[in-house]
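Let's take a walk through this structure together. Have a look at the sequence and the model first, and then we'll go through a few of its parts.

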Amino acid sequence: MKVVHYVNQFFAGVGGEEKATVGPEVREAPTGPGRKLASLLGDEHQIVATVFCGDDYAASNDAAPAEILELIKATGAEMLVSGPAFTSGRYGIACGRVAAAAHKAGLVALAAMHAENPGVAEAAPAPVVATGLTAREMGATLEKVALAVKKLASGQTLTPEDGLVGSIPRRNRLAESNAAARAVDLALTRLAGDRSATEIPMPDFGAVAPAGPVTDPSKALIALLTEGGLVPAGNPGRLESARATKWLRYPLEELPGLEEGSHVSVHGGFSTVVANENPNRILPLDVARELKDEGAIGSLYAEYFVTTGNGTSVADGARYGVEWAAELRKQGVQAAILTST
Amino acid sequence: MPIAIRVGAPRVVPTRGIPYPTGDPALGPKEEKAWRRLLVQTALRAISTPVNKPTVFKPGELTT
């Protein structure tokens with residue numbers, strides 16, 4: 001198969017951040033990581049061209065994917081490979097969008113990036129294979145990409161064993177036995193000791209290494225956070241009641257506690273009547289202030305952060321968590337109490 | 001609480017109900033505030049304790 005390879009300006013050798021605004025261009029040969037990929041693909045598949053584009057241009061310009069697609073189609077290639085973008089956000093988004101556009105245009109398309117790259121969500125319906133975190137893992141990543149290219153080129157679909165990540169398209173197929181028989185088989189497999197046997201794998205929440213303990217809370221700056229949708233009356237930031245697309249921050253300074261009417265929960269996943277009668281039931285400001293005044297808490301961070309944890313995607317939730325941690329660290333906060341509804 | 005442990009929250013203080021994580025409307029105002037205070041004190045105990053995996057800190061009798 002004739003393959004076209006999409007990379008950013010950095011991997012095309014054009015330049016770094018100072019060249020992130022350059023528009024798309026074509027080179028009639030494998031370039032950068034494409035050279036190694038070409039050698040892994042052997043004689044069966046040829047990289048006939050490399051299309052590259054600056055990260056800013058490609059990720060922040062709505063027309064960029066279509067523009068890049070025109071260049072891809074002009075090369076006469078039957079297949080597009082984008083990346084690997086590892087954990088680079090703009091590059092990953094560009095790789096995802098370019099792969100999606102190529103797939104919709106009828107090309108075989110594949111993107112490669114880290115499973116947590118926001119670009120994974122942009123690639124659908126094109127498949128994404130997971131890579132390592134950084135270009136230090138380029139060698140092993142390209143071997144995986146080459147195997148995926150060969151498999152896709154032969155008309156097969158990728159599976160999680162090939163490194164497929166992101167939303168896995170559902171396809172109907174005829175099972176060998178009916179659901180009742182499969183359920184009994186699965187129960188027997190589990191009883192025989194395979195505790196993870198399943199037809200429907202649960203989402204992987206990853207693992208976060210717990211932070212070390214605070215040496216002395218009576219000297220620490222502590223933040224109060226909640227996913228309970230608690231906002232000042234009137235919901236000035238328009239926080240959603242479900243599938244929150246954002247988190248917000250509101251002041252706590254000067255408030256001894258929260259009062260009925262001053263704050264309300266907009267959470268759509270439970271009855272908020274009880275919480276609204278006394279918002280300290282969601283965010284325990286009243287007793288946190290007391291403990292601060294008594295010296296058990298060094299000081300309270302002057303704001304609280306809030307989102308709505310109701311049908312929120314794991315990816316969005318993880319992103320809010322990372323942003324909260326970064327912001328709190330920047331503000332010198334040593335520990336946080338996050339209430340969960 | 002089983003969800004918090006399953007998703008890997010490092011330090012978890014179990015409470016009494018989803019709609020009121022730091023309250024309990026079945027109690028009188030004074031008792032409820034004491035319960036909330038105990039939860040926050042338990043949270044302070046949790047953040048001062050080293051953990052290497054998701055760990056539950058039960059609200060218990062505290063001397064402070």
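## Helices that cross

H3(A) and H4(A) are oblique to each other, because angles under 35 degrees count as roughly parallel, over 145 as roughly antiparallel, 65 to 115 as roughly perpendicular and the rest as oblique. Before going on, a word on the ground rules: this is a predicted model, where local features need pLDDT of at least 70, side-chain atom pairs count only at pLDDT 80 or more, and totals for chains, interfaces and linings use all residues. Residues are numbered from 1 along each chain as its sequence is written, chains are lettered from A and ligands numbered from 1 in the order in which they are written, and side-chain values use heavy atoms, with hydrogens and water left out. The names H and S stand for helices (H or I, at least four residues) and strands (E, at least two), which are DSSP runs numbered from the N terminus.

Two packed helices are described by the angle between their axes and the distance between the axes. Here, axes are lines fitted to C-alpha atoms, for helices over the stretch in contact, and angles run from 0 to 180 degrees between N-to-C directions.

| Helix pair | Angle between axes | Distance between axes |
|---|---|---|
| H3(A) and H4(A) | roughly 60° | within 9 Å |
| H1(A) and H6(A) | about 50° | 9 Å |

H1(A) covers residues 33–41 and H6(A) covers residues 138–153. Among the residues that meet here are A:Leu37 and A:Leu40 from H1(A), with A:Leu142 and A:Val149 from H6(A).

## A closer look at H4(A)

H4(A) takes in residues 89–104. At 1.5 Å a residue, its 16 residues should span 22 Å, and the end C-alpha atoms are 23 Å apart, which agrees. The expected span is 1.5 Å times one less than the number of residues.

Which parts of H4(A) are buried? They include A:Tyr91, A:Ile93, A:Cys95, A:Val98 and A:Ala101; buried means under 20% relative accessible area, exposed over 50%, and partly exposed in between (1.4 Å probe, protein chains only). The buried residues of H4(A) pack against strands S1 (2–8), S4 (79–82) and S5 (108–113), as well as helices H2 (55–60), H3 (64–74) and H5 (120–123), in chain A. Just after H4(A) comes A:Gly106, with a positive phi of about 95°.

## A sheet of four strands

Now for a sheet: four strands of chain A form an open one with mixed pairing, in the order S10-S12-S8-S13. Its edge strands are S10 (248–251) and S13 (335–339) of chain A, each pairing on one side only. On average, neighbouring strands of this sheet are turned by 25° against each other, direction ignored. Two strands pair if DSSP finds at least two bridges between them. S10(A) and S12(A) are antiparallel and joined by four bridges, and A:Arg249 has A:Phe305 in S12(A) as its bridge partner.

Two helices lie across this sheet's strands. H9(A), residues 285–293, lies across S8 and S12 of chain A and runs at about 160° to S12(A). The other comes from chain B: its helix H2 (residues 29–47) lies across S8 and S13 of chain A, at about 135° to S13(A).

## Spots in the loops

A few loop residues deserve a look as well. The peptide bond from A:Gly83 to A:Pro84 is cis, with omega near 5°, and A:Pro84 sits in the loop between S4 and H4 of chain A. The bond from A:Ala124 to A:Pro125 is cis, with omega near 5°; A:Pro125 is in the loop between H5 and S6 (128–130) of chain A.

In the loop between S9 (230–232) and S10 of chain A you'll find A:Asn235, a residue other than glycine with a positive phi near 45°. Is A:Asn235 buried or exposed? It counts as buried, at 16% relative accessibility. A:Arg238, in the loop between S9 and S10 of chain A, has a positive phi of about 55° although it is not a glycine, and at 67% relative accessibility it counts as exposed.

Notes:
Contact means heavy atoms within 4.5 Å.
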